[in-house]
Amino acid sequence: MNVDQLHREVKYKAVTSSGPGGQHANKVATKVLLEWDASHSLAFTDVELQRILHQLQNRLTKDGILQLSCQNSRSQSSNKELVFKRFLGLLYEMLVVQKPRKKRTTPKSVKRKRLNDKKKHSEKKENRRYKY
């Protein structure tokens with residue numbers, strides 16, 4: 001993954017934040033929207049890009065654009081940094097290849113021990129019963 005190339009591909013848009021504020025909140029655009037065209041990215045190899053597109057298919061728009069936003073801070077520049085960090089974290093997470101799950105089998109000795117314990121327990125109960 002080429003982070004410098006990602007910096008060039010990402011587009012930022014500043015808008016006014018939602019929620020309560022004051023007189024100043026309605027005038028300044030501190031919320032940052034990040035847009036990235038995933039289908040035309042040059043920062044990844046073809047295999048990586050296919051993997052990312054498959055993993056992010058539910059988060060992409062119809063045009064293949066990923067949109068993230070951040071309004072945690074009052075400053076536009078810090079929101080810009082935060083949203084880019086979150087964007088990189090998301091991409092790193094999508095690139096991790098998970099190991100295939102191996103089906104676990106219970107050993108025969110464990111099964112045998114469980115059945116023997118059940119048998120001993122039932123015999124103990126049987127011996128307690130009143131016999132005519």
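The pLDDT is the predictor's confidence in each residue, on a scale from 0 to 100. The structure described here is a predicted model. Its chain averages a pLDDT of 89, and 95% of the residues score at least 70. Among the elements, the mean pLDDT is lowest in helix α1 and highest in helix α4, as the table shows.

| Helix | Residues | Mean pLDDT |
|---|---|---|
| α1 | 3-9 | 89 (lowest) |
| α4 | 108-128 | 95 (highest) |

**The sheet**

Strands of a sheet pair through backbone hydrogen bonds, in either a parallel or an antiparallel manner. In this model, three strands make up an open sheet with antiparallel pairing, in the order β1-β2-β3. Because β1 (11-15) and β3 stand at the edges and each has a single partner strand, one side of each is left without a neighbour in the sheet. From one strand to the next, the twist averages 20°. Six bridges join β2 and β3 in the antiparallel sense, and W36 stands opposite L66 in β3. Helix α3 lies across β1, β2 and β3, and runs at about 135° to β3.

In soluble globular proteins, nonpolar side chains tend to be buried together. The largest nonpolar core of this model has 23 residues, of which L6, W36, F44 and F87 touch the most other members. Two or more residues come from each of β2 (31-37), α2 (46-55), β3 (65-70) and α3 (76-95). The greatest contribution is that of α3, with eight residues. Leaving aside residues up to four places away in sequence, F44 touches M1, L6, W36, L49, I52, L91 and L95.

Note on methods. Residues are numbered from 1 along each chain as its sequence is written. This is a predicted model: local features need pLDDT of at least 70, side-chain atom pairs count only at pLDDT 80 or more; totals for chains, interfaces and linings use all residues. Side-chain values use heavy atoms; hydrogens and water are left out. Helices (H or I, at least four residues) and strands (E, at least two) are DSSP runs, numbered from the N terminus. A nonpolar core is a set of buried Ala, Val, Leu, Ile, Met, Phe, Trp, Tyr and Cys residues joined through side-chain atoms within 4.5 Å. Buried means under 20% relative accessible area, exposed over 50%, partly exposed in between (1.4 Å probe, protein chains only). Contact means heavy atoms within 4.5 Å. Two strands pair if DSSP finds at least two bridges between them. Axes are lines fitted to C-alpha atoms, for helices over the stretch in contact, and angles run from 0 to 180 degrees between N-to-C directions.
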